[in-house]
Amino acid sequence: MNIIQKIGIGLFLIGMTVFIAMPFIGNYTLSEEQVRTATKEIHQEQMTEILAPMYGVEYGSNFAFLSAFNENFSTYNDALKDQGAWDQVIWDDYGFPLAMAALESPVKSQPWIFLGLSIGLCVLGGLFFILPQYRGEPEGIKNNGIYHSSATSRGFIGIATGTFLILFYVLLYWYPAYLANHVWMVNPLSLLLSGNPASQWFLYGFIYTLAIAVMGVRMYRKYRGNKYQILRTSSVIFFQTAFAFLIPEILVLLNQPYFDFKNIWPLDYDFFYSYNLDTLISSGGFGLFMLMWGILLIIIGVPLLTYFYGKRWYCSWVCGCGGLAETVGDPYRQLSDKSLKAWKYERVIIHSVLVLAVVMTALTLVNYFMSFELLGNVTNQLHSFYGFAIGAAFSGVVGTGFYPFMGNRVWCRFGCPLAAYLGLVQRFKSRFRITTNGGQCISCGNCSTYCEMGIDVRWYAQRGQNIVRSSCVGCGVCSAVCPRGVLKLENDNEENRINDMPIIIGNDSIKVNA
Amino acid sequence: MSNSRHIVIIGNGISGVTLARHLRKADSNVRITLISGESKYFFSRTALMYIYMGHMKFEHTQPYENWFWEKNRIDLKEGWVKSIDYSSKELLFSDGEDLKYDLLVLAVGSKPNKFGWPGQDLKGVQGLYSKQDLELMEENTQGNVERAVIVGGGLIGIEMAEMLAYRKIPVTFLVREEGFWTNVLPKEESELVGRHIREHHIDLRLSTELDEILSDQNGRVRAIRTNTGEEIQCQFVGLTAGVKPNVDFLKGSDLEVNRGIRVNEFFETNIPEVYAIGDCAEFEQAPAVDRKNIEQVWYTGRMHGETLAQTLSGERTPYRPGHWFNSAKFLDIEYQTYGTVPAVWNQKEVDSFYWEHKNGKICFRMLMDKKGLLLGVNNFGFRLRHEFFDRALSEKWPGAKVIKNLKRANFDPEFFAPYHQLIQDQFLNEYGGDFTVSKSSWTQKLFGAKL
Ligand SMILES: Cc1cc2nc3c(=O)[nH]c(=O)nc-3n(C[C@H](O)[C@H](O)[C@H](O)COP(=O)(O)OP(=O)(O)OC[C@H]3O[C@@H](n4cnc5c(N)ncnc54)[C@H](O)[C@@H]3O)c2cc1C
Ligand code: SF4
Ligand code: SF4
């Protein structure tokens with residue numbers, strides 16, 4: 001490691017420290033005026049009254065503030081629940097907007113400086129560390145030391161990283177009020193882009209996009225000389241930055257619905273929720289175009305592109321979850337479980353999620369078209385269950401938080417309903433396969449070890465059999481790390497795609513009836 | 001089950017394991033026992049270097065999960081066979097146990113060559129073949145190793161050099177010949193690899209032999225002396241001057257052993273019901289004109305296993321390997337070969353077409369007979385398709401046809417530079433032909449790597 005890289009690590013650690021310290025900065029003072037602006041009209045009267053004891057009191061920390069808030073709020077709400085006065089109960093979470101409003105902190109007053117000191121230093125430090133990697137070394141992919149490093153072999157650094165990610169996701173999804181400083185920090189940026197104040201989702205999108213870009217640079221270094229990897233990385237950086245991050249914000253700036261053109265149902269599970277349909281339908285021609293676009297992607301885009309190119313066109317070239325997995329997650333790809341048992345679990349779980357998503361959406365649509373006569377609000381409960389269990393817990397907390405424990409594709413492999421759909425097409429009607437180069441395999445195991453989807457690639461390769469698996473996202477890394485040039489991702493004729501060769505090419509002793 | 005035939009295989013390397021698997025597929029009754037002293041479960045020897053370099057853990061080198069053997073009713077036995085009583089059909093293990101067999105297959109592999117160098121058994125001096133060797137190497141390179149010397153320029157030697165480079169141990173690489181692996185590689189290829197070795201800051205000494213390994217007062221290597229009299233200080237010496245059949249424990253019995261265990265084309269030894277396959281077998285007659293009597297590669301071990309399984313399950317089958325192929329990786333440069341490309345050839349009988357990229361790291365060679373028919377190819381730095389060349393060789397394609405269709409032979413990942421175009425261009429210049437250089441698709445032109 002050279003001096004620049006050491007400085008890089010130092011900068012990164014400082015940035016991380018500032019980032020982690022941020023929730024503990026500042027104090028909170030609530031006013032009636034703030035409550036009034038932060039709450040919906042129907043709740044204004046109740047809320048201003050409930051929170052009256054807090055006005056003017058200065059709370060030294062978010063813990064103190066939020067516990068005071070919860071105490072006042074729950075006393076009121078729980079009483080209503082006890083009485084069974086369900087229609088008066090307040091379901092909205094006002095903790096976050098109120099914490100945002102009540103906060104007084106240096107971060108809030110100097111957001112740019114803190115952005116620079118936290119995320120800025122992390123990015124800079126990361127680049128200082130990454131750019132000098134492999135300098136002066138000949139081209140070639142090296143997984144040197146992966147299993148000797150505590151970061152990438154479930155050692156202490158790995159566990160710490162995973163814990164940090166899990167904590168971050170838990171706060172983001174369920175306790176955003178603790179991230180008030182972080183959200184204020186990116187507020188000016190949000191105003192710049194969409195004209196709207198930042199939410200925790202903007203914060204998340206911003207960090208997500210940056211992480212893909214910086215770790216994308218790492219991919220360029222690590223896989224230099226491998227054009228497939230370079231292009232694929234550029235593609236995910238582009239789609240994340242443009243389609244997932246910038247275009248939706250710009251749409252909002254132009255008074256159009258927030259829309260990510262590359263997100264596809266059922267990964268985009270709320271696409272057919274009534275509020276989304278209503279928004280799109282009521283947004284005139286452009287909204288209708290978005291609706292049509294979304295539907296066409298599902299019924300024509302996915303099958304057609306997957307037929308020609310395999311599911312990789314989406315999973316490792318376009319998708320945002322895939323984009324994160326392929327960049328931030330790349331150092332962890334070897335941690336996926338390759339056992340047959342894991343494959344069995346995988347098939348059951350991922351197809352269950354697909355079924356769940358389809359059933360939920362079908363009920364939602366029926367309900368929508370019958371103007372909620374059939375099921376009333378039952379679908380809402382289904383939505384909140386799905387949103388909690390699958391949308392947040394599975395895809396976020398487990399999906400990303402478990403990178404350093406179970407590899408970078410936990411969600412994509414076990415959970416993503418779109419991956420399941422793409423996978424069915426890939427398995428049964430596609431030109432894509434990984435061709436095995438005759439008898440050249442030496443069973444070394446590099447391909448299986450570095451397959452993020454936990455496919456035992458070697459099992460096929462050593463038998464001279466092509467790899468046709470629904471879960472393969474076509475990342476091409478098995479092919480890249482094979483030391484004997486055995487694997488090639490290809491789109492070709494469907495016939496002979498699946499070949500079962502009892503005896504491998506090169507042995508003429510045994511005549512096989514082909 | 002108890003009265004079914006008991007086939008015992010000594011050695012759970014690729015040859016023994018392939019035999020066991022194919023036997024089980026063909027015959028669900030036979031009782032199969034696989035024995036090895038090295039490791040209970042089959043692992044891939046070819047991946048030993050990757051364990052040392054932290055690419056993989058030992059378990060990743062095991063091609064089958066542990067349940068596989070029980071499910072296929074292949075009994076595993078861990079232990080070293082000390083001696084064999086062929087008359088009573090009994091094996092004796094070093095721990096005193098014994099085991100009866102009805103039919104015995106010896107698949108006992110190789111061990112590193114040692115040519116009687118003074119000091120070859122000092123501490124810090126070793127070869128690399130087994131799992132135990134790897135563990136020893138781990139131990140030998142833990143401490144203060146300021147330089148390592150590798151003796152013998154073959155495939156294992158260069159792997160060892162790469163391993164040591166990962167640990168940032170400077171390496172001096174002694175090669176007896178005047179080029180790297182010149183007993184297999186033609187001059188240009190050998191030079192290409194030599195340049196790449198030096199590019200990795202490995203101190204490659206050609207035409208240099210080991211004379212003596214010198215000891216310190218603790219019986220550990222402190223230096224070596226070469227045949228030029230130079231003394232090189234070092235704390236580790238890798239002996240990688242090839243391997244030889246691991247047959248010492250079989251000598252002095254009725255079994256006919258020369259360099260390896262003597263077998264005919266059915267892998268039958270001179271003793272009935274005793275067979276030998278893999279690295280340890282020595283054919284009475286080489287299986288083909290371009291092949292040796294002892295075949296010491298992974299692929300041949302596998303084919304021996306496949307073929308003997310036919311015989312043992314009732315279909316007596318002679319060993320008839322197809323067209324030769326092989327592959328290796330020299331640090332970052334991959335190498336494949338299909339058909340026959342010897343290190344030297346008779347120019348009166350053989351034509352050689354050679355192309356090398358201007359970066360000096362990618363090359364292609366094709367040998368043709370005087371009628372212009374394909375004999376074999378070497379390719380370095382890019383990948384070619386086995387199936388394509390197997391067919392071209394079987395159908396005796398003219399070299400020109402191979403070059404014309406070379407795009408179809410390309411096995412590099414998508415968007416890689418289309419080197420076949422440069423090869424076609426040069427071939428047309430040298431030999432002429434009724435074809436044109438293949439075209440790139442527009443996506444390749446737009447996004448693909450440049451030549
Ligand atoms: C580091 C390295 C890299 C290699 N790379 C390549 C490559 O890239 N490509 C290639 O084609 N070839 C390669 N080879 C060669 C290839 O691995 C061998 O040709 C092949 O493994 C031979 O297989 P086998 O089944 O004949 O014997 P082995 O794999 O040697 O198996 C023999 C087994 O028999 C056991 N055994 C021996 N004696 C006894 C006994 N008395 N009692 C009990 N058990 C016993 C041993 O424990 C051993 O497990 C490499 C070899 C090494 C060492
Ligand atoms: S099989 Fe290969 S291309 Fe497919 S997901 Fe695994 S590593 Fe990627
Ligand atoms: S990496 Fe290549 S040689 Fe190694 S097991 Fe996989 S396909 Fe075979």
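**Stop one: a loop in chain B**

Select B:F267, which sits in the loop between β18 (261-263) and β19 (274-276) of chain B. Strands (E, at least two residues) and helices (H or I, at least four) are DSSP runs, numbered from the N terminus. The phi of B:F267 is near 65°, a positive value in a residue other than glycine. Most residues other than glycine have a negative phi, and most peptide bonds are trans.

A word on ground rules: this is a predicted model, where local features need pLDDT of at least 70, side-chain atom pairs count only at pLDDT 80 or more, and totals for chains, interfaces and linings use all residues. Residues are numbered from 1 along each chain as its sequence is written, chains are lettered from A and ligands numbered from 1 in the order in which they are written, and side-chain values use heavy atoms, with hydrogens and water left out.

**Stop two: the rest of chain B**

Colour chain B by domain: domain 1 (6-111 + 244-312), domain 2 (125-241) and domain 3 (325-446). These bounds come from an automatic or database domain assignment. The C-alpha centres of domain 2 and domain 3 of chain B are 32 Å apart. Their contact (heavy atoms within 4.5 Å) takes 20 residues from domain 2 of chain B and 19 from domain 3 of chain B.

Now select residues 6-292 of chain B, which UniProt annotates as "domain: FAD/NAD(P)-binding" in an unreviewed entry. UniProt positions are given in the numbering used here, feature names are shortened, and annotations may be inferred rather than shown by experiment. That span of chain B is 20% helix and 28% strand.

**Stop three: helices of chain A**

UniProt (unreviewed entry) places the feature "transmembrane region" at several spans, including 112-134 and 155-178 of chain A. Residues 112-134 of chain A are 83% helix and 0% strand, with end C-alpha atoms 33 Å apart. For residues 155-178 of chain A, the figures are 79% helix, 0% strand and 29 Å.

Which angle do α8 and α11 of chain A make? Helix α8 (156-174) and helix α11 (200-222) of chain A pack at about 150°, with axes 10 Å apart. Axes are lines fitted to C-alpha atoms, for helices over the stretch in contact, and angles run from 0 to 180 degrees between N-to-C directions. Show the contact: A:F168, A:Y169, A:L172 and A:Y173 come from α8(A), and A:Q200, A:W201, A:Y204 and A:I207 from α11(A). Seven of these residues are nonpolar, one is polar and none is charged. Here Ala, Val, Leu, Ile, Met, Phe, Trp, Tyr, Cys and Pro count as nonpolar, Asp, Glu, Lys and Arg as charged, and the others, Gly among them, as polar.

Next, select A:P266, in the loop between α12 (227-253) and α13 (274-281) of chain A. The peptide bond from A:W265 to A:P266 is cis, with omega near 5°.

**Stop four: two ligands**

Among the residues around ligand 2 are A:C451, A:C472, A:C475 and A:C478. The shell has nine nonpolar, two polar and no charged residues.

Which residues are closest to ligand 3? Of 13 around ligand 3, the closest are A:C441, A:C444, A:G445, A:C447 and A:C482. Helices α22 (446-449) and α23 (457-461) of chain A each give two or more residues to this shell.

How values were computed:
A residue is near a molecule or strand if one of its heavy atoms lies within 4 Å of it.
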